[in-house]
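Below is a set of questions and answers on one structure. Please keep the sequence and the model open while reading.

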Amino acid sequence: MIKQKSMCYSSLAKELRLKVFDSVIKANKGHLGGTFSSIEILIALFFSGVMSYDGTNYTAPNRDRFLIGKGHACLALYHIWNKLGILPDKELETYGQDGGLGGQLHIGISGAEHNSGSLGHVLGIAAGLALAARLDGTNSRYFVLLGDGECEEGSIWESAAFIARERLSSVVTVVDRNRLSVTAQINDDFSGTLENKFTSFGLISLTVDGHNTLEIINALTFARSSHVPVAIIADTVKGKGISFMENGIKWHHSIPSKEEAMLAREELTR
Amino acid sequence: MKPMSSTTDIRDGYFDRVFDLAQKNSDLVFLSADADAHSLVKFRKTFPDRYINVGVAEQNMITVAAGLALAGKRVFVYSLLPFLTMRCYEQIHFNIVGMNLPVSFVGVGAGYSFDFDGPSHHGLIDIGLFRLLPGFTILNPSTARLASQCASFSFENGGPTITRLDKGYLENLNPDSDFDSGFSLVRSGKDVIICTTGRMLHNADKVADALELRGLSVGVIDLFRLKPINNELLADAIANSKALVTLDENSAEGGLCSLIAGVISERNLSIPRKNFSCADGIRHRPGSRRFLLETEGLGIDELVVSISQFFHSAISERQMSRV
């Protein structure tokens with residue numbers, strides 16, 4: 001059963017990577033590296049049932065919500081929302097065109113809960129949503145995906161401290177730790193690991209293989225029922241899925257050449 | 001609700017109204033970044049779940065406010081003006097403005113209210129910063145009564161609002177002001193019209209009294225809504241006088257000086273104009289508010305002399321140009 005589920009998620013991941021890739025090539029725009037590192041995390045969130053959110057209830061007031069700090073991975077979300085029946089095909093096809101879907105989210109896009117483009121905001125927004133839910137006595141959960149570069153923003157830590165202090169355990173934080181920002185490697189040499197940081201701020205820290213969907217689902221399942229806020233640190237590879245892109249710093253926002261694209265597509269369809 | 005008098009601190013005017021609103025509206029939530037006020041004590045005691053001190057963390061306060069507003073709550077955010085407006089400007093621009101969230105901002109410390117605490121505590125450039133933010137309403141009440149109306153307006157407004165509060169007991173100079181117009185003609189005058197805002201209304205009134213003893217007819221406009229501006233109405237009020245003075249306890253750049261210059265330009269109004277506002281720059285010059293204003297040429301006695309000189313030279317220039 002687990003092997004079956006694993007194979008399903010695996011083929012879903014392949015499908016999603018290929019769709020994202022084709023969109024980037026068609027539009028000549030996109031952030032492949034950071035989108036590919038988040039694929040399994042997004043599949044775990046949107047297709048396992050851990051989030052009470054789908055094509056039928058995505059505007060319901062007490063829905064679970066997904067917020068993304070690293071909004072440059074939005075192409076994956078466009079395809080996921082399309083697959084869930086939330087974002088129409090016609091709109092998806094406008095990606096990269098004048099007046100069409102852009103490289104960041106805005107709240108007018110079906111499925112989007114907020115605007116994206118600036119880092120360090122969504123953890124606080126999730127905290128506000130969680131506070132409102134507590135005042136209203138509802139059980140919604142707020143799943144937040146951050147980048148590890150994003151965790152260099154001080155505002156993240158203001159929000160983390162607040163979430164711990166207010167015991168907003170309905171906020172589930174996931175960090176895509178691909179260890180690369182736009183220009184540099186991100187390591188733990190001086191200020192400790194993300195796990196240490198979140199734990200010292202009062203959250204429970206879990207570490208998972210960010211490309212093992214079942215492992216991520218287990219962590220999310222624990223987190224959504226925890227009475228203490230949880231941060232899940234997912235170890236990932238930037239550019240995962242295309243061998244010559246993996247861990248390559250230039251693939252944050254570079255677009256493959258014609259030859260590179262051929263090689264890449266061949267790998268994705270293997 | 002108790003009637004407003006000059007024995008009501010301007011801050012109480014605002015926060016008492018917020019308390020009344022909270023009693024009738026269970027969706028009202030108040031966030032503070034480690035700032036307090038006398039009249040907030042009863043709010044905290046009566047609605048402990050809806051008063052949240054986020055601590056010295058303004059950026060988080062704004063994003064939490066955004067989340068609350070996205071969930072349908074009516075949110076007030078409060079701190080000292082410079083920290084409320086500058087520390088978290090990007091959070092405000094990106095979330096509150098970007099998603100047009102109806103969050104009510106209230107900041108104390110307009111102008112040199114917190115005189116002795118130095119430039120970090122002076123609210124001198126936030127007007128300029130917030131005029132740049134699309135969809136924001138900027139309110140700068142001069143009395144407790146107006147402050148109370150600002151609180152009501154903010155609560156009902158469909159977009160974000162900021163109210164700048166001074167402190168202390170300020171005379172109820174404009175009891176009949178029409179809130180919707182955004183300004184009131186507190187006194188009319190044929191020679192000079194002084195356009196001012198906030199606490200400076202009270203100084204302008206004293207200056208006008210002194211100028212009238214010198215034989216000038218002086219009017220005063222209290223511009224309590226700095227954005228949006230009804231250019232036509234305001235220009236009409238200004239045009240009845242021969243000369244215009246702007247008096248502002250804020251930076252000229254972005255404050256009343258540039259705002260009124262824009263109105264005059266847009267309405268093609270030809271009127272001699274002189275500006276009195278705070279000079280550009282950050283000045284570490286501890287002292288009382290009176291001292292700080294006097295060093296900027298904004299003391300009452302100096303204003304009387306300067307405005308009188310300005311008027312007479314402006315009128316004689318006009319007369320000469322007609323010869």
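Q: Is C257(B) buried or exposed, and what is its relative accessible area?
A: This is a predicted model, in which local features need pLDDT of at least 70 and side-chain atom pairs count only at pLDDT 80 or more, while totals for chains, interfaces and linings use all residues. Residues are numbered from 1 along each chain as its sequence is written, chains are lettered from A and ligands numbered from 1 in the order in which they are written, and side-chain values use heavy atoms, with hydrogens and water left out. Buried means under 20% relative accessible area, exposed over 50%, and partly exposed in between (1.4 Å probe, protein chains only). C257(B) is therefore buried, its relative accessible area being 17%.

Q: Which residues is C257(B) in contact with, leaving aside its neighbours within four places in sequence?
A: C257(B) sits in helix α10 (residues 256-266) of chain B; helices (H or I, at least four residues) and strands (E, at least two) are DSSP runs, numbered from the N terminus. Contact means heavy atoms within 4.5 Å. With those neighbours left aside, the contacts of C257(B) are T246(B), D248(B), A252(B), R273(B) and N275(B).

Q: Which strands pair with β8(B) in the parallel sense?
A: Two strands pair if DSSP finds at least two bridges between them. Five bridges join β8(B) to β9(B) (residues 218-223), with I194(B) opposite V220(B). Five bridges also link β8(B) to a strand at residues 243-251, where V192(B) stands opposite A243(B). The parallel partners are β9(B) and β11(B).

Q: What is the hand of the β-α-β unit made by β8(B), helix α8 of chain B and β9(B)?
A: The helix of this unit covers residues 200-213 of chain B. A crossover is right-handed if, with the strands pointing away from the viewer, the path from the first strand over the helix to the second runs clockwise. The unit is right-handed.

Q: Which strands stand at the edges of the open sheet of seven strands in chain B?
A: The strand order is β2-β1-β3-β4-β6-β5-β10, with mixed pairing. Each edge strand has a single partner strand, so one side of each is left without a neighbour in the sheet. The edges are β2 (51-53) and β10 (225-227) of chain B.

Q: Which residue of β10(B) stands opposite I138(B)?
A: Strand β5 (residues 137-139) of chain B pairs with β10(B) in the antiparallel sense, over two bridges. The residue opposite I138(B) is K227(B).

Q: What is omega of the cis peptide bond between K227(B) and P228(B)?
A: Most residues other than glycine have a negative phi, and most peptide bonds are trans. P228(B) lies in the loop between β10 and α9 (231-239) of chain B. The bond joining K227(B) to P228(B) is cis, with omega about -5 degrees.

Q: Which residues form the salt bridge between chain B and chain A?
A: The interface brings 25 residues of chain B into contact with 24 residues of chain A. About 1900 Å² is buried between the two chains, 63% of it on carbon and sulfur atoms; buried area is the accessible area (1.4 Å probe) that two parts lose on being put together, summed over both. A salt bridge is a side-chain nitrogen of Lys or Arg within 4 Å of a carboxyl oxygen of Asp or Glu, and the count between these chains is one. Its closest N and O atoms are 2.6 Å apart, and the residues are D136(A) and K73(B).

Q: Which residue forms a salt bridge with R187(B)?
A: R187(B) is buried, at 17% relative accessible area, and lies in strand β7 (residues 183-187) of chain B. Its partner is in helix α8 of chain B, 25 residues apart, and is partly exposed at 35%. The closest N and O atoms are 3.7 Å apart, and the partner is E212(B).
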